[in-house]
Amino acid sequence: MNKPVGHLTAKDFASDQEVRWCPGCGDYAILKCMQRTLPELGATPANTVFVSGIGCSSRFPYYMATYGFHTIHGRAPAVATGVKLANPDLDVWLITGDGDGLSIGGNHLMHTLRRNVDLNILLFNNEIYGLTKGQYSPTSRAGTRSPSTPYGSLDRPLDPAAFALGSGARFVARTIDTAQKHMPEIFKRAHAHKGASFVEIFQNCIVYNDGVFNDFTEKSVLADRTLNVRHGEPMIFGKNRDKGLVFDQKTFKLKVATIGEDGISESDILVHDETNSTLAHLLATLSPPDFPMVIGVIYCAPSSSYERDMTAQMEAVKAEHGAPDINAYLRRGYTWTVE
Amino acid sequence: MKDDEQIMDTFNSTDRLEALDSVVVRFAGDSGDGMQLTGSQFTTSTALAGNDLSTFPDFPAEIRAPAGTTFGVSAFQINFGSDTVLTAGDDPDVLVAMNPAALKVNLETVREGGMVVIDTGAFSTRNLQKAGFDTNPLETPLLDPYRVLKFDISKLTLESVKDFGLSNKEALRCKNMWTLGLMLWMFSRPRAAVIKWLETKFAKVPNIRDANIAALNAGHAFGDTSELGASFKRYRVDRAQAQPGEYRTVTGSQSLAWGIAAAGQLAELPIMFGSYPITPASPLLHELSRMKEFGVMTFQAEDEIAAICSAIGASFAGSLGVTSSSGPGIALKSEALGLAISTELPLLVVNSQRGGPSTGLPTKTEQSDLYQAVYGRNGDAPLPVIASSTPGDCFEVAIEATRLALKYMTPVMLLTDGYIANAAEPWKLPDMADFPSIAVKQKDRPDEDGPFNAYSRDPETLARPWAVPGTPGLEHRIGGIEKSTETGHISYDPANHQRMSDLRADKINRIAQDIPEQSVAYGTDSGKLAVVGWGSTFGPIDQAVRRARAEGLDVSHIHIRHIHPFPANLGALLARYDRVIVAEMNMGQLITVLRDRFLLDARSVTKVSGQPFKIRELLDVIHEELNTAISKAAE
C-alpha cells in the first residue's frame with residue numbers, strides 16, 4: 001500500500017471500480033493519462049484529492065485510487081477551496097465539464113480563479129450535456145440542434161479559456177483528449193503552477209456530440225488547424241511548418257502569415273510569451289477555420305496563492321497573540337464582579 | 001418585576017430621586033441619529049451599575065432611509081431592573097424621540113403616564129410633514145396621556161460644542177451624546193465608561209472626541225441644573241441580586257462566535273467558517289474573523305452555496321466546517337446540506353432567523369424556519385436541530401451542537417434569531433475548565449483486516465469513521481450518490497438504499513439518548529397547564545409564567561433546546577399536563593412537529609409581527625386557557 005514515491009505506477013492510482021463511461025468516450029483517454037502522469041509528478045495517492053461536480057466527467061474521482069469527493073452540480077470549486085484551505089499541503093485536482101463548470105457553476109469557477117486557489121482545474125469541454133442526454137451547453141455553437149433546441153440553439157457560446165483569463169486566472173492551457181503526448185505535458189505544467197491552473201480539454205462525446213471538434217482534431221487537419229504554443233518559441237504551425245502568427249498593428253489583431261510569402265521569414269513570426277496577458281487574450285479567442293485552435297500553455301504568470309496568503313495571515317495573528325485563551329478573550333472589555 | 005400601579009405612584013410622587021424595581025427606556029430617532037450606539041452605551045453604563053438587563057435593537061432594513069421618514073426610524077429598547085430581567089420589556093416607561101417620525105412610530109407603545117423626551121429642534125414643519133403629522137403633536141392633545149419633557153436638544157447640543165470648530169452637520173451629530181448624558185443623569189448612571197469609549201473611538205479626531213464628551217457632559221449638567229418641572233424626578237434602580245461571579249454584557253452574535261471558537265478548542269480542531277453576508281447573521285462572520293488566534297479561519301465566499309460547500313470541503317479535509325446564514329441563505333444551502341448528510345461529514349450550520357418568506361423582514365425577528373430546519377431538504381434527510389434561547393445561551397449551544405456534529409458525523413442545524421443575535425444581556429462568564437473535551441479521534445491508519453470502508457460504523461453511535469485526506473492507506477471516495485453499506489462504494493441496489501436510509505434515520509434518532517432529558521424551566525413537572533416554547537421566546541414565556549404562578553395559577557414553562565430529535569422523555573412529560581400551550585413566533589411550526597410526534601392536543605399561540613411576545617400577551621393567554629379549563633370543568 002505504502003510504496004515509496006519513486007516506485008508508484010499508473011496501477012497504484014487506479015481504483016478497483018469498473019469505469020462506466022460510454023465505450024469510445026474521450027474521458028477514458030484523460031483518465032489513463034492522469035493515472036500515468038501522477039507517478040511521474042511524484043504524487044502519492046494519500047496526498048492527492050480529486051474533487052468533482054456533477055456530469056459524466058465528474059465520475060472521474062471514483063476511478064482514482066486517491067482521496068475523492070464527488071460533490072453537487074457546479075459546486076466543486078467551492079468544496080475544493082475548502083479542502084485546500086483546510087490543508088494546503090494536499091494536491092487537489094478539480095474535475096468539471098462545460099455544463100458543470102460554466103453553466104450552473106460558472107460563478108464558483110470565476111471566483112476560484114480570481115482568488116487564485118492552488119487547484120488544478122480540468123474542464124472537460126464536449127460542448128454538450130451528456131449525462132442528461134444531450135441538451136446543448138454554454139459552449140455549444142449557436143444553432144446546435146439538441147433535445148431542448150430542436151430548431152437550433154440561439155445563444156452564443158462561451159469560450160472557456162477566455163472566461164478563465166477574464167476571471168483573472170494566472171494559468172490557462174488547452175489540450176485534446178486524443179493528444180496522449182501533449183496532455184501529460186500540460187498536466188505537469190498545471191501541477192507545477194502554484195495557484196489556480198485552468199486546463200480546457202477538448203473531449204469528444206461519442207454519443208451526443210460525436211466529432212464536434214473534428215474540424216481541428218482529425219489527424220488529417222490537426223497540424224494545419226492547431227497551434228501548439230511554447231514559451232519562447234515562434235508560433236509556427238502547419239504540416240509544412242510554414243504558417244505562423246504575426247501581429248497586425250493596424251487592426252490590433254493577430255493574423256496568419258505564410259513563411260516565404262509576402263516577404264515573411266521565420267523571424268517575423270511572433271514568439272510566444274506565456275507571461276503576456278494581452279497576447280494570451282488574443283490567443284484564447286482564435287478559432288478555425290480562419291485561425292488555428294491554440295493548444296498548450298497560453299498563459300502562465302504565477303502569483304501568491306489564496307490559501308498560502310490565508311495561512312500566512314492566520315500565522316501572523318497567532319504569533320502576535322500567543323497561546324489561545326478563551327477565558328481571557330471573554331474577559332476583555334468591561335466586566336464586573338458580583339460578590 | 002414591575003407593578004403598574006407602583007410606577008404610576010412613583011411618577012406622581014414629589015421625591016427628586018425615586019427608587020424603581022425596573023424600567024423600560026426606548027431610544028428612537030432617524031437611522032442616522034446614532035440610536036443604536038446611544039442604546040449600547042447606555043447598556044454598558046447600566047450593566048456597570050449592576051442592574052440585570054435585556055435589550056432589543058429595532059432598526060430598519062435600509063442603512064440610511066431618507067431622513068425624517070417613519071420607515072427610517074431606528075430604535076433601541078432596554079429593560080433594566082433590580083430583579084431578574086428576561087425581556088426587553090412590554091411598554092416603554094420612557095421614550096426618547098429625536099424627531100417627529102420617531103414619535104409617530106413609537107408613541108403608541110409607551111405606557112400611559114410614561115415619559116416622553118422630545119427634541120423640539122427637530123420638530124420643523126418639514127419634518128412634521130415627512131412624519132405624516134398634519135398638525136404639530138406638541139400642540140395637540142396627543143401627548144396628554146404622557147408626561148412630556150421637551151426642549152431644543154439640537155440647539156443645546158450646538159451650544160455645547162461650539163468651541164470645537166465643527167461644521168453644523170458634525171456638531172448636530174453630537175445630539176445623541178447630549179441625550180445620552182441627560183438619560184445617564186436621569187437614571188443616576190456613571191459617565192466614565194462612555195467617556196472612555198469616546199476617547200478610544202475618536203482617538204484620531206480629537207475635536208470630534210472632545211465635542212462628543214462635551215455634549216455628553218452638557219446633557220448631564222442640563223439635568224442637574226435645569227428646573228424640569230414639579231412632576232419630574234430622577235430614578236434609582238438598585239443593583240440586581242445576581243449569582244456571584246464575573247459578568248459582562250453580551251449579544252447573541254458575540255456569545256455564539258465565542259462558543260464556536262471555544263468548541264474548536266474543546267474539539268482540538270481548526271475551524272473553517274464559510275459564510276456570505278446576510279442580515280441578521282453577518283455579525284457572526286465579523287466576530288469570528290477577529291478570532292484567528294483560536295485557529296478560526298473565516299472565508300467570505302461568493303455566495304451562500306459556496307459558503308457551505310467550502311465548509312463541507314474543509315470538514316472532509318479534517319477541519320470543523322461551520323457555515324452561517326439567515327432563512328433565505330439557508331434555503332440556498334439546502335442541496336449542499338443534503339450532501340453533508342449523505343457523505344456523513346461533521347458540519348455546524350447556524351441559522352439566524354428573520355421574518356419571511358423570501359426577503360421578508362430582514363431586520364425583524366421570527367422563528368419561522370423550524371420547518372425548514374427539520375424538514376426542508378430533498379429526500380429523507382434527517383439532521384439534528386438545536387435552538388438557543390437567550391444571548392448568553394448561544395455559547396453553550398454552540399458547543400453542544402459541535403459535540404453532536406463530531407460524535408455522530410452529521411451536519412447540525414443551530415437555530416437562533418435576529419432578536420437573540422442583536423439583543424444584549426448580562427452574562428456570567430463561563431470557565432473553560434468546566435467544559436469536558438468534545439474531541440473525537442480521526443482514523444489514522446487502516447485496520448488489519450480487509451480494505452477500508454468509509455461507511456463502516458461505530459456500533460454505538462452509528463457514526464462512520466472520519467478518514468482525512470493525507471492519511472496513507474485510507475484513500476476513499478465519497479459523494480452524493482448512494483453508498484453501499486458493505487463497501488462504501490456507490491450502489492444503486494434498492495435494498496441497500498432502504499438500509500442506508502434506515503441507518504441515517506436511526507443514527508440521528510439515537511441522539512435522543514445522548515442529550516439531557518427535558519426539564520421544566522419554571523414550575524412543576526405536571527399540572528393544569530404547560531406553556532411550551534423554544535428559542536428567543538424564553539424571556540417573555542418565563543416572565544409570564546412567573547407572574548401567573550405568583551398569582552397562584554398552576555402553570556409551568558417548558559423550553560425545548562433539542563428540537564430534533566426531541567429529548568427522550570418529552571412526550572411523557574407533556575402528557576402530565578391537562579393542557580398545553582405552544583407559543584412561538586411563526587404561524588405554528590413547533591406545534592405541528594409536537595403533534596406529529598406525540599399526537600399532542602395543544603393550543604397554538606403565535607405572532608409574526610416582527611416584535612417579540614409581550615409578557616402581558618402571554619399572561620392573557622394563560623388566564624384565558626385556565627378560565628376555559630375551569631368553566632369546562634364546571635359544565
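**Notebook: sheets and helices in chains A and B**

I began with the open sheet of chain B, which has seven strands in the order S11-S10-S12-S13-S15-S14-S20 and mixed pairing. I keep in mind that this is a predicted model.

Next I looked up which strands stand at the edges of this sheet. They are S11 (296-300) and S20 (562-564) of chain B. Each has a single partner strand, so one side of each is left without a neighbour in the sheet.

Strand S10 (residues 271-275) of chain B runs parallel to S11(B), and five bridges join the two. In this pair I found Gly274(B) opposite Phe299(B) of S11(B).

I looked for a helix against the sheet and noted H15 (residues 393-408) of chain B. H15(B) lies across S12 (320-325), S13 (347-353), S14 (385-387), S15 (411-417) and S20 of chain B. The angle between H15(B) and S15(B) is about 165 degrees.

My second stop in chain B was strand S5 (residues 94-97). Which way do its side chains point? Val94(B) and Val96(B) point one way, and Leu95(B) and Ala97(B) point the other way. I recorded all four residues as buried.

I followed the pairing of S5(B) next. Strand S2 (residues 22-30) of chain B is joined to S5(B) by four bridges, and the two run parallel. Strand S6 (residues 115-119) of chain B also pairs with S5(B) in the parallel sense, over four bridges. Val94(B) turned up in both pairings: Val25(B) stands opposite Val94(B), and Val94(B) stands opposite Met115(B) in S6(B).

I traced the chain from S5(B) to S6(B) through helix H3 (residues 100-106) of chain B. These three elements make a right-handed β-α-β unit.

Last, I turned to a helix pair in chain A. Two packed helices are described by the angle between their axes and the distance between the axes. The crossing of H1(A) past H6(A) is right-handed.

I listed the residues in this contact. H1(A) contributes Ala29(A), Ile30(A), Cys33(A), Met34(A), Arg36(A), Thr37(A) and Glu40(A). H6(A) contributes Met183(A), Pro184(A), Phe187(A) and Lys188(A).

Note on methods
Residues are numbered from 1 along each chain as its sequence is written. Chains are lettered from A and ligands numbered from 1 in the order in which they are written. This is a predicted model: local features need pLDDT of at least 70, side-chain atom pairs count only at pLDDT 80 or more; totals for chains, interfaces and linings use all residues. Side-chain values use heavy atoms; hydrogens and water are left out. Buried means under 20% relative accessible area, exposed over 50%, partly exposed in between (1.4 Å probe, protein chains only). Two strands pair if DSSP finds at least two bridges between them. A crossover is right-handed if, with the strands pointing away from the viewer, the path from the first strand over the helix to the second runs clockwise. A crossing is left-handed if the near helix is turned anticlockwise from the far one by less than a right angle, and right-handed if clockwise. Contact means heavy atoms within 4.5 Å. Axes are lines fitted to C-alpha atoms, for helices over the stretch in contact, and angles run from 0 to 180 degrees between N-to-C directions.
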